[in-house]
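User: I would like a close look at one part of this structure. Please keep to what can be read from the coordinates.

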Amino acid sequence: MMNLKFMTALRILRPYQWAKNALAFVGLILSHQWDDPTAFWMAAVSLIALCLASSSIYVLNDLIDVEDDRRHDRNRARPLASGELSTRAAVCLVPLLLALAYASARVLPWDAQLIIASYVLAAAGYSLLFKRMLWIDVVVLAGLYTARVLCGVFAVDAPISPWLIAFSAFVFTGLAILKRYADLRFDSERLHGRPYIASDRFLLLTVGIAVSLLSVLVLALYVNSDDVAELYTRPWAIAFICPIIAVWLLRLWTLADRKKLAIDPVLYALRDPASYISLVACAAALAVAL
């Protein structure tokens, strides 16, 4: 019985979502500090703190959305919506997870701690308000992903690159819009608790693809900037990443349009062999650029 309760509590933390927090290692990789044990440890701590913080928000979100989840085809199986976990237990989990996240983050630089605190506030705001606001919801979602990247950058004391911020903002906004579009393809009337309706599909498709491809444009401009020469001996090799990312993004949009993208695009990518092939190809290009 105890084991069953533990597994139920673990499910509401959504550990399968923790893979998104691997974005905390982007700063470590792009600043070329992967061979520095201290920097690696700080990036790992930021990952742990983000996992705990994000799980607290997932629990809060389930508490807020419990009625909508019970009317949703897939979400009705969540622990709170199905009745497997009590509301009291879920309420207790939120401050516990936040306390553990704070304890973990205390070893990080103050600016990384500030990013984590901002992430929690923005994510809570998303659960309480922003997710019901047209277009604001996707911008906030993109900001939450970008915050993960910035947390890792500050954790390893890497320089802040406006190119990285711009690329992250566009690519994650595009993926957030893609999620809304994919959800609408499966719900022809209206997303439960979301401000989009069926007639918004074409607009989401148009804006989403445009925003997604703007991230590729930012990367192409970065290749021709003065900044890239400071980090890479053969910056021309990075240009090969542009078509790889463009094809990867367009493939996701095509799958969504064909109703073959039933889950979060980021989670889909983590299970998609083609996405891993794209990642290896990008890594190879970066290796050549070094």
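How many salt bridges does the structure hold, and which parts do they tie together?

Analyst: This is a predicted model, and it holds five salt bridges. One of them joins the side chains of Asp 62 and Arg 14, at 2.4 Å from N to O. Asp 62 belongs to helix α3 (residues 37-64), while Arg 14 sits in the loop between α1 (2-12) and α2, so this pair links parts that are 48 residues apart in sequence. Asp 62 is buried, at 2% relative accessibility, and Arg 14 is buried as well, with a relative accessible area of 7%.

The closest N and O atoms of Asp 264 and Lys 20 are 2.9 Å apart, and both residues are buried.

A further salt bridge pairs Arg 251 with Asp 272, with 2.6 Å between the closest N and O atoms. Arg 251 is in helix α11 and Asp 272 in the loop between α12 and α13, so the parts tied together are 21 residues apart in sequence. Here Asp 272 is buried at 5% relative accessibility, whereas Arg 251 is partly exposed at 30%.

Helix α13 itself has the buried residues Ser 275, Ser 278, Cys 282, Ala 285 and Ala 289. Seen down the axis of α13, these fall within an arc of 80°, so they line one face of the helix. They pack against α11 (241-257) and α12 (265-270). The face of α13 turned away from the buried side carries the exposed residues Pro 273, Ile 277 and Val 280.

Definitions and conventions: Residues are numbered from 1 along each chain as its sequence is written. This is a predicted model: local features need pLDDT of at least 70, side-chain atom pairs count only at pLDDT 80 or more; totals for chains, interfaces and linings use all residues. Side-chain values use heavy atoms; hydrogens and water are left out. Buried means under 20% relative accessible area, exposed over 50%, partly exposed in between (1.4 Å probe, protein chains only). Helices (H or I, at least four residues) and strands (E, at least two) are DSSP runs, numbered from the N terminus. The arc is that of the directions from the helix axis to the C-beta atoms. Contact means heavy atoms within 4.5 Å. A salt bridge is a side-chain nitrogen of Lys or Arg within 4 Å of a carboxyl oxygen of Asp or Glu.
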